[in-house]
Amino acid sequence: LRVLFQHAFQESRGIRNAVPMGRLPLSVAAIATRHLLRRIAPQAENLKELKETKLPETAVVIGSGPMSRQSAEVLSRYFENIVLVNRSLGKIESMADRLRATMVPFQNFIENPLIVCKGRRAPAAIVTATSRDDAFITPEFLARMLDGCDGPGRVCVVDMALPPDVDPACAADGRVSLVTMETIRSELEHNRHKREEASRLAAEEIDA
């Protein structure tokens, strides 16, 4: 069995070289994070480089559902400061402890968006995936945040909620970069087709 495993492992490496698939995530949170990081740090050659240095910025994650949790986990690898926003802090307490993140009650955030600014500096990223039925992140809300902070604040907002948490009009503000589910879904389908093609080619290599 040991010899069989060693041969199978060697063949699998050969197949991976013959069928380059790269990193094609099928996770909504992973794809959203990749879009976000490309827009915040376009100078970085790859995500591994960002992970090694970490951005001295703040990322805000709103919600306590699976996508919010996955996003917080991924973003904690790239950002020095993570702020978790939720209506019930009890639902995010264990995650906040594990990620060493700051917790902010949802209502406090809505009433005063500056509460998530670190050292009067606006967050670089906001990721939201709540179950609300209204777009609570509006152009006026983001303007209050960005105008109230020191320096030329810019923020990338990722909206993974259905219905959307973010008013599409927010994209009209030049300081706001908006990533929506439509963008994420498009890449998701592209990656799925690429993986299916890679799987077909790999099967041909195995048969050979």
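This is a predicted model: local features need pLDDT of at least 70, side-chain atom pairs count only at pLDDT 80 or more; totals for chains, interfaces and linings use all residues.
Let me begin with the chain as a whole. It contains 8 helices and 6 strands, and if you read along the sequence, these follow one another in the pattern α-α-α-β-α-β-α-β-α-β-α-β-β-α. The C-alpha atoms fill a box of roughly 65 × 35 × 35 Å when the box is taken along the principal axes. Of the 208 residues, 42% count as buried, and among the contacts with a separation of 6 or more, 63% are accounted for by residues 24 or more positions apart.

I would like to turn next to helix H2, residues 28-40, and to two of the helices that it packs against. With helix H4, residues 66-75, the angle is about 45 degrees and the axes are 9 Å apart, which makes H2 oblique to H4. The crossing of H2 with H4 is right-handed. On the H2 side the contact involves Val28, Ala29, Thr33 and Leu36, and these meet Met67, Gln70, Ser71, Val74 and Leu75 of H4. When the residues of that contact are sorted by class, there are 6 nonpolar and 3 polar ones, and no charged ones.

With helix H8, residues 181-207, the arrangement is as follows. H2 and H8 pack at an angle of about 115 degrees, with their axes 10 Å apart, and so H2 counts as roughly perpendicular to H8. Here, too, H2 passes H8 in a right-handed crossing. From H2 the contact draws on Val28, Ile31, Ala32, Arg34, His35 and Arg38, while H8 contributes Met181, Thr183, Ile184, Glu187, Leu188 and Asn191. The contact of H2 with H8 has 6 nonpolar, 3 polar and 3 charged residues, whereas that of H2 with H4 has no charged residue. Val28 is listed in the contact with H4 and again in the contact with H8.

That brings me to the interior. In soluble globular proteins, nonpolar side chains tend to be buried together. In this model the largest nonpolar core has 32 residues, and those touching the most other members are Leu36, Leu75, Phe79, Leu84, Val158, Met160 and Ile184. The elements giving two or more residues to this core are helices H2, H4, H5 and H8 together with strands S1, S2, S4 and S5, and the largest contribution, 5 residues, comes from H2. Apart from this core lies another one, of 24 residues, which includes Ala122, Phe141, Leu146 and Val166.

Leu84, in the largest core, touches Val61, Ala72, Ile92, Met95, Ala96, Ala101, Thr102, Met103 and Val104, if residues up to four places away in sequence are not counted. Leu146, from the other core, lies in helix H7, residues 139-147. Is Leu146 buried or exposed? Its relative accessibility is 3%, and because the limit for burial is 20%, Leu146 counts as buried. Leaving aside neighbours within four places in sequence, Leu146 is in contact with Ala122, Gly153, Arg154, Val155, Arg175 and Val176, and its C-alpha atom is 8.6 Å from that of Arg121, a residue 25 places away along the chain.

Finally, there are two details of the backbone. Most residues other than glycine have a negative phi, and most peptide bonds are trans. The peptide bond from Leu162 to Pro163, however, is cis, with omega near 0 degrees. Leu162 sits in the loop between S5 and strand S6, residues 176-179, and Pro163 lies in that loop between S5 and S6 as well. Leu162 is exposed, with a relative accessible area of 61%, and beyond its neighbours within four places in sequence it is in contact with Met181 and Arg185.

Although it is not a glycine, Arg100 has a positive phi of about 55 degrees, and at 78% relative accessibility Arg100 counts as exposed.

Note on methods
Residues are numbered from 1 along each chain as its sequence is written. Side-chain values use heavy atoms; hydrogens and water are left out. Axes are lines fitted to C-alpha atoms, for helices over the stretch in contact, and angles run from 0 to 180 degrees between N-to-C directions. Helices (H or I, at least four residues) and strands (E, at least two) are DSSP runs, numbered from the N terminus. Angles under 35 degrees count as roughly parallel, over 145 as roughly antiparallel, 65 to 115 as roughly perpendicular and the rest as oblique. A crossing is left-handed if the near helix is turned anticlockwise from the far one by less than a right angle, and right-handed if clockwise. Contact means heavy atoms within 4.5 Å. Ala, Val, Leu, Ile, Met, Phe, Trp, Tyr, Cys and Pro count as nonpolar, Asp, Glu, Lys and Arg as charged, and the others, Gly among them, as polar. A nonpolar core is a set of buried Ala, Val, Leu, Ile, Met, Phe, Trp, Tyr and Cys residues joined through side-chain atoms within 4.5 Å. Buried means under 20% relative accessible area, exposed over 50%, partly exposed in between (1.4 Å probe, protein chains only).
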